[in-house]
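Open the model in your viewer and keep the sequence panel beside it. The stops below say what to select and what is there.

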Amino acid sequence: MEINKIITKLLSDVKEHNPLVYHITNYVTVNDCANIVLALGGSPVMADDQNEVEEMVSIASALVLNMGTLNQRTIESMILAGKKANELGIPVIFDPVGVGATNLRTETANRILNEVKLSVVTGNMSEIKILAGLNTTVKGVDSTDGTVGGEKIAAELAAKLNSVIAITGATDIISNGKKTYKLNNGHEILSKVTGTGCMTTSLIGTYAGVTKDYLLAATAGIMSMGLTGEKAYQQLASSDGIGTFKVRIFDNIYNLSEKDIIQGGKLNEC
Amino acid sequence: MEINKIITKLLSDVKEHNPLVYHITNYVTVNDCANIVLALGGSPVMADDQNEVEEMVSIASALVLNMGTLNQRTIESMILAGKKANELGIPVIFDPVGVGATNLRTETANRILNEVKLSVVTGNMSEIKILAGLNTTVKGVDSTDGTVGGEKIAAELAAKLNSVIAITGATDIISNGKKTYKLNNGHEILSKVTGTGCMTTSLIGTYAGVTKDYLLAATAGIMSMGLTGEKAYQQLASSDGIGTFKVRIFDNIYNLSEKDIIQGGKLNEC
Amino acid sequence: MEINKIITKLLSDVKEHNPLVYHITNYVTVNDCANIVLALGGSPVMADDQNEVEEMVSIASALVLNMGTLNQRTIESMILAGKKANELGIPVIFDPVGVGATNLRTETANRILNEVKLSVVTGNMSEIKILAGLNTTVKGVDSTDGTVGGEKIAAELAAKLNSVIAITGATDIISNGKKTYKLNNGHEILSKVTGTGCMTTSLIGTYAGVTKDYLLAATAGIMSMGLTGEKAYQQLASSDGIGTFKVRIFDNIYNLSEKDIIQGGKLNEC
């Protein structure tokens with residue numbers, strides 16, 4: 001498929017240019033986010049003090065904002081870094097982890113949506129529904145919704161925010177408001193390892209560091225995680241579990257090949 | 001043994017109900033805590049800003065307070081979340097990591113003991129001795145004491161606090177003040193991986209999310225970690241070490257079976 | 001070689017005395033730092049609240065200051081802990097992660113250099129150049145320089161600061177101002193795992209907990225990581241990547257033997 005071919009080009013661009021992907025993210029999955037960026041070929045950096053975030057973002061190729069363990073201090077850092085990225089034309093990828101679970105999260109996500117121009121917003125169906133102002137039930141940081149009907153929600157929110165919206169789930173949906181993709185890679189065991197969502201966001205950030213086509217970057221990031229999840233699962237022996245599976249995620253992103261993408265990418269335009 | 005049988009029922013309840021286990025915990029082992037909850041079948045969430053902890057705990061099935069890297073900000077969050085959990089009847093599991101090592105830790109632990117009704121308090125022998133007002137030597141976050149004589153200490157502190165007290169060590173001791181168990185599972189290599197204590201506390205929290213019998217929940221959590229430690233150790237090749245061992249902890253919690261518990265659980269009532 | 005022999009003695013001293021290595025460090029690689037200290041035979045502890053850092057350092061054998069994700073709160077904690085360590089004669093190992101990337105990092109590093117007597121300062125070539133007041137380009141937390149010419153820079157900075165200076169890279173350079181070593185262990189894949197630099201610093205801290213010869217401690221720490229990187233790489237199958245490689249780092253530090261050091265250590269005095 002033509003898009004898979006273009007994604008392979010992005011992958012080789014990442015390996016050639018080693019984009020610096022600056023994260024303001026949570027302390028739960030931060031190590032995994034750093035390693036997944038390195039595995040793909042990028043260079044991660046994490047920093048969150050208000051006195052350095054603007055300087056740090058100015059040397060970055062992409063900014064990832066993940067509100068997994070937000071606090072008063074880091075919320076301001078995210079806003080500052082986001083605005084500076086906007087000024088400099090650096091793409092901002094936003095993962096509104098747990099939005100809807102608390103008012104603080106919902107208010108923070110809305111504030112970021114209002115004050116920062118976002119290149120990509122990525123979340124599970126519950127999170128995206130909350131951002132779209134729709135009803136849903138939130139249970140901590142996990143989704144309670146399937147992605148049925150997500151095409152319309154994604155496309156409308158994308159048009160409204162002028163951002164790419166990516167909904168991750170059994171079927172992933174990625175839309176820029178005009179064009180919408182459905183992606184059928186991945187394996188359900190990915191939801192049994194913490195941080196696979198955050199890591200996907202970091203992969204999107206890494207791809208966004210080498211292209212201005214953020215629909216493509218989002219698709220490439222989600223497809224990369226999906227493909228590695230499939231392969232990692234296939235490699236498991238019967239006595240293995242999520243420990244080994246997690247190790248294999250990094251192995252397979254590190255070894256992700258053009259052939260994997262061309263042959264394995266299951267992408268359709270809606 | 002009858003109790004092992006009951007613990008298998010708890011395990012299947014966790015897998016069926018996926019309890020949301022909310023942690024205010026340290027940044028050293030937080031990722032491992034999240035993954036061990038997922039491996040067992042629960043759903044972890046971490047958040048520590050004072051503006052959201054009460055809301056977050058209100059959707060949780062259990063609250064884990066772990067003071068491994070406490071600070072002024074998170075101490076207040078722990079108190080707020082703990083009080084709210086008490087109001088709502090949500091079990092609170094407390095791991096006073098490093099209590100006795102500094103005055104801040106001892107004062108914080110005592111404040112939590114005074115202000116929050118705790119369902120389970122778990123620690124190594126040195127930590128529990130400090131909480132009980134006994135003499136001991138503290139070396140960072142590791143115990144300098146064996147658990148000999150722990151039955152009496154655990155039972156008395158349990159009666160005083162009206163909590164389950166769990167002392168982890170070569171032999172684990174779990175008491176609710178009336179009934180006291182000794183558990184002989186585990187392997188000493190568990191102490192060579194950081195966070196096995198914290199993860200045990202998270203497992204206790206997960207089981208406490210599906211039962212009101214907190215003596216049982218504490219026993220189930222500690223036994224689960226002990227059994228997985230034994231199995232993980234047996235699976236090591238001669239060139240393996242704590243890297244592979246740690247991966248195997250997650251694999252074996254993920255694959256923990258009724259048979260493992262029934263055949264392997266080494267529990268005795270004192 | 002004679003020095004390799006002396007390093008094996010340090011290794012057995014670590015295993016015998018289990019030095020408590022107290023870290024004020026970043027939240028990205030902190031778990032790996034704790035586990036690498038345990039793997040070598042030390043005992044890690046992490047704490048960063050200003051109300052406890054002085055007490056915590058007073059029970060430690062070494063203090064590691066790593067500014068990977070510094071903030072206003074932890075900067076003050078580092079200064080307080082460093083001064084207290086100086087008072088008590090406890091070695092301080094400083095890793096100025098990302099110095100030069102932002103003014104906050106450069107100012108903080110200089111403040112620590114001015115206010116704390118450091119036993120060992122360790123960084124990549126870009127970081128050490130910044131500390132030495134030389135021109136360089138900084139890209140996040142990674143070096144853009146090779147270590148050519150590093151002997152002179154290390155020796156001069158060591159003499160100026162009265163500290164051991166360690167520059168890590170393809171060839172590592174370690175100098176106390178009078179004596180300078182070049183070390184040729186390691187493998188380039190080490191740079192593809194986040195935290196191998198931080199972990200090396202933690203290993204140095206662990207060795208510094210059992211000797212007053214900090215040139216030796218720094219050399220031992222860097223050589224240990226280099227040897228484990230070589231061995232871990234050799235153990236990789238073709239489908240493995242940085243996930244498995246990272247697991248193998250911990251395995252091989254855990255199994256590091258006298259023979260590995262005697263036969264594998266590639267150390268030369270300049």
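Predicted model: local features only at pLDDT ≥ 70, side-chain atom pairs only at ≥ 80, totals over all residues.

Residues are numbered from 1 along each chain as its sequence is written, chains are lettered from A and ligands numbered from 1 in the order in which they are written, and side-chain values use heavy atoms, with hydrogens and water left out.

**Stop 1: chain A as a whole**

Along the principal axes, the C-alpha atoms of chain A fill a box of roughly 45 × 40 × 40 Å.

Of the 270 residues of chain A, 66% count as buried. Buried means under 20% relative accessible area, exposed over 50%, and partly exposed in between (1.4 Å probe, protein chains only). Among contacts in chain A with a separation of 6 or more, 71% come from residues 24 or more positions apart; a contact means heavy atoms within 4.5 Å.

**Stop 2: A:Thr219**

Now select A:Thr219, in helix α9 (residues 214–234) of chain A. Is A:Thr219 buried or exposed? A:Thr219 counts as buried because its relative accessibility is 0%. Leaving out residues up to four places away in sequence, A:Thr219 touches A:Ile7, A:Ile174, A:Tyr181, A:Leu183 and A:Leu267. Its side chain also reaches the backbone oxygen of A:Leu215, at 2.7 Å.

**Stop 3: where chain C meets chain A**

Show chains A and C together. The contact takes 33 residues from chain C and 31 residues from chain A. The area buried between the two chains is about 2,600 Å², and carbon and sulfur atoms give 51% of that area. Buried area is the accessible area (1.4 Å probe) that two parts lose on being put together, summed over both. In chain C, pick out C:Tyr27, C:Lys139 and C:Ile242, which lose the most area to chain A and together make up 23% of what that side buries.

How many salt bridges cross the interface of chain C and chain A? The rule finds two, a salt bridge being a side-chain nitrogen of Lys or Arg within 4 Å of a carboxyl oxygen of Asp or Glu. Zoom to A:Arg248 and C:Asp240, whose side chains meet in a salt bridge at 3.0 Å, N to O.

Across the interface of chain C and chain A, 16 residue pairs are in polar contact (both at pLDDT 80 or more). A polar contact is a pair of N or O atoms within 3.5 Å; within protein, one must be able to donate a hydrogen and the other to accept it, and residues adjacent in sequence count only if both atoms are side-chain atoms.

Next, colour α5 (103–115) and α10 (242–254) of chain C, each of which supplies at least two residues of the side that touches chain A. α10(C) gives the most to that side, with five residues.

**Stop 4: C:Arg105**

Stay with helix α5 of chain C and select C:Arg105, which lies in it. With 0% relative accessibility, C:Arg105 counts as buried. Its neighbours include A:Met46, A:Ala47, A:Glu52 and A:Met56 from chain A, and C:Met67 and C:Val97 from chain C. The side chains of C:Arg105 and A:Glu52 are joined by a polar contact of 2.7 Å. The side chain of C:Arg105 also reaches the backbone oxygen of C:Val97, at 3.1 Å.

**Stop 5**

Move to chain B and select helix α2 (residues 30–40); eleven of its eleven residues are buried, so the helix is largely enclosed by the rest of the structure. Just after α2(B), B:Gly41 takes a positive phi of about 125°.

In the loop between α1 (2–17) and β1 (20–24) of chain B, find B:Asn18. B:Asn18 has a positive phi of about 40° although it is not a glycine, and at 27% relative accessibility it counts as partly exposed.

Last, go to C:Asn162, in the loop between α7 (150–161) and β6 (164–168) of chain C. C:Asn162 is not a glycine either, and its phi is positive, near 55°. At 57% relative accessibility, C:Asn162 counts as exposed.

Key: Helix = DSSP H or I, 4+ residues; strand = E, 2+ residues; numbered from the N terminus.
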